[in-house]
There are 2 protein chains.
Amino acid sequence: MEQLWAADGALTVREVHERLAGTRDLAYTTVMTVLDRLAKKKLTERERDGKAWRYKAAAPREEMAADLMRDALDRAGDRREALVRFVGQVSDEEAALLRDALARLEAREG
Amino acid sequence: MEQLWAADGALTVREVHERLAGTRDLAYTTVMTVLDRLAKKKLTERERDGKAWRYKAAAPREEMAADLMRDALDRAGDRREALVRFVGQVSDEEAALLRDALARLEAREG
DNA sequence: AGCATCTACTACGTAACGTCGTAGACGGCT
DNA sequence: AGCCGTCTACGACGTTACGTAGTAGATGCT
C-alpha cells in the first residue's frame with residue numbers, strides 16, 4: 001500500500017483512491033483507513049483541505065529505506081562486522097554509489 | 001528471543017533453556033517452539049544429536065543485520081538517493097567504518 | 001517395564017495489517 | 001427546509017507473526 005509514494009505531492013483520500021482504481025479494486029474506506037494508520041505512525045502528514053484531509057508522505061521512500069537500514073544496523077551488535085558484510089553483499093554499482101555518498105559527506109562536513 | 005546468537009556454537013534445546021533460565025523463566029517447550037520456528041524460517045540450522053536436535057544460527061547476527069539493510073535498500077526506488085541519505089544519518093564513526101569496509105572490498109576485489 | 005527426555009502438534013493471547021461497513025457530520029442544491 | 005453526496009471516525013473481521021505453553025507420543029536408559 002505504499003505506492004502512495006509513487007504519486008507526487010499531497011493527495012486527498014479520493015485522489016489516492018482514484019489513482020489506485022486502475023490497478024486495485026479497493027473500497028474508498030480502505031484507502032482512508034490505511035492513510036489514517038500511516039498518519040498515526042507518522043509516516044504521512046495530513047492537513048485540512050475543506051472538509052477533506054490532504055495527505056502527503058512524511059518522508060520520501062528513500063528516507064524510509066535509509067531509516068530501515070539504520071534500524072537494521074542498530075540491531076547488529078558489532079557494527080563494524082555488519083557494515084563489512086553489508087558492503088560485501090552490495091553490487092559493484094552500489095559500492096560505487098556508497099563511495100560517492102561518503103565522499104560527498106566528507107566534502108560537506110570537512 | 002534472539003539472544004541465542006549471544007551463545008556460541010550449536011546448542012540443544014535443553015542447553016538453550018538452561019542458559020535462559022537465569023534471566024527468563026520460560027517453559028522448555030517454549031524454547032523448543034521458538035527454535036523450531038526459527039528453523040522453519042531458515043534463520044537457524046539443526047542437526048540430529050542422539051534423539052535431540054542441535055541448533056545453530058544459520059548466520060551471525062551481523063549477517064542478519066546486513067541482510068536487512070539490503071532488503072531495505074532494495075525497496076528504495078532510487079538506490080543512490082537512499083544511500084546518500086543513509087550515510088547522512090550515520091555517525092562519524094560509522095562513516096569511518098564504512099569507508100574502511102569499502103577500502104577492504106576494493107583491495108580484495110581489485 | 002518404567003521413567004526421563006525429547007519432539008511434534010495444537011492452542012491461546014496479542015499485535016499489526018489489509019480489508020471493509022456503518023454512523024454521523026457538513027455543505028450545496030432545489 | 002429537506003435531500004443528497006462527500007468525508008471522517010470508529011469498529012470489525014480475517015490473516016499472519018510471535019511469545020507462551022500444554023499434551024501426546026516416540027525413544028532410549030536402567
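The C-alpha centres of domain 1 and domain 2 of chain A lie 31 Å apart. Domain 1 of chain A covers residues 2-57, and domain 2 of chain A covers residues 61-109. These bounds come from an automatic or database domain assignment. The model is predicted: local features need pLDDT of at least 70, side-chain atom pairs count only at pLDDT 80 or more, and totals for chains, interfaces and linings use all residues. Residues are numbered from 1 along each chain as its sequence is written, chains are lettered from A and ligands numbered from 1 in the order in which they are written, and side-chain values use heavy atoms, with hydrogens and water left out.

Helix 1 of chain A spans residues 13-21. Helices are DSSP runs of H or I with at least four residues, strands are runs of E with at least two, and both are numbered from the N terminus. The buried residues of helix 1 of chain A are A:Val13, A:Val16, A:His17 and A:Leu20. Buried means under 20% relative accessible area, exposed means over 50%, and partly exposed lies in between (1.4 Å probe, protein chains only). An α-helix has 3.6 residues a turn, so residues three or four places apart point the same way. The buried residues of helix 1 of chain A pack against strand 1 (11-12), helix 2 and strand 3 (52-57) of chain A.

A:Glu15 also belongs to helix 1 of chain A. A:Glu15 counts as partly exposed because its relative accessibility is 26%. Leaving aside neighbours within four places in sequence, A:Glu15 is in contact (heavy atoms within 4.5 Å) with A:Ala10 and A:Arg54. A:Glu15 and A:Arg54 are 39 residues apart along the chain, and their C-alpha atoms are separated by 9.3 Å. Their side chains are joined by a polar contact of 3.5 Å. A polar contact is a pair of N or O atoms within 3.5 Å; within protein, one must be able to donate a hydrogen and the other to accept it, and residues adjacent in sequence count only if both atoms are side-chain atoms. The side chain of A:Glu15 also reaches the backbone nitrogen of A:Thr12, at 2.9 Å.

DNA strand C is surrounded by 21 residues, and the closest are A:Arg24, A:Thr33, A:Arg37, B:Arg14 and B:Trp53. A residue is near a strand if one of its heavy atoms lies within 4 Å of it. Sugar and phosphate make up 57% of the atoms of DNA strand C that come within 4 Å of the protein. An N or O atom in the side chain of A:Arg24 is 2.6 Å from a phosphate oxygen of DNA strand C.

DNA strand D is surrounded by 22 residues, the closest being A:Arg14, A:Trp53, B:Arg24, B:Thr33 and B:Arg37. Sugar or phosphate accounts for 52% of the atoms of DNA strand D within 4 Å of the protein, and bases for the rest. A phosphate oxygen of DNA strand D is 2.7 Å from an N or O atom in the side chain of B:Arg24. Another contributor is B:Lys41, with a polar side-chain atom 3.1 Å from a phosphate oxygen of DNA strand D. Helix 2 of chain B gives the most to the surface near DNA strand D, with 5 residues.
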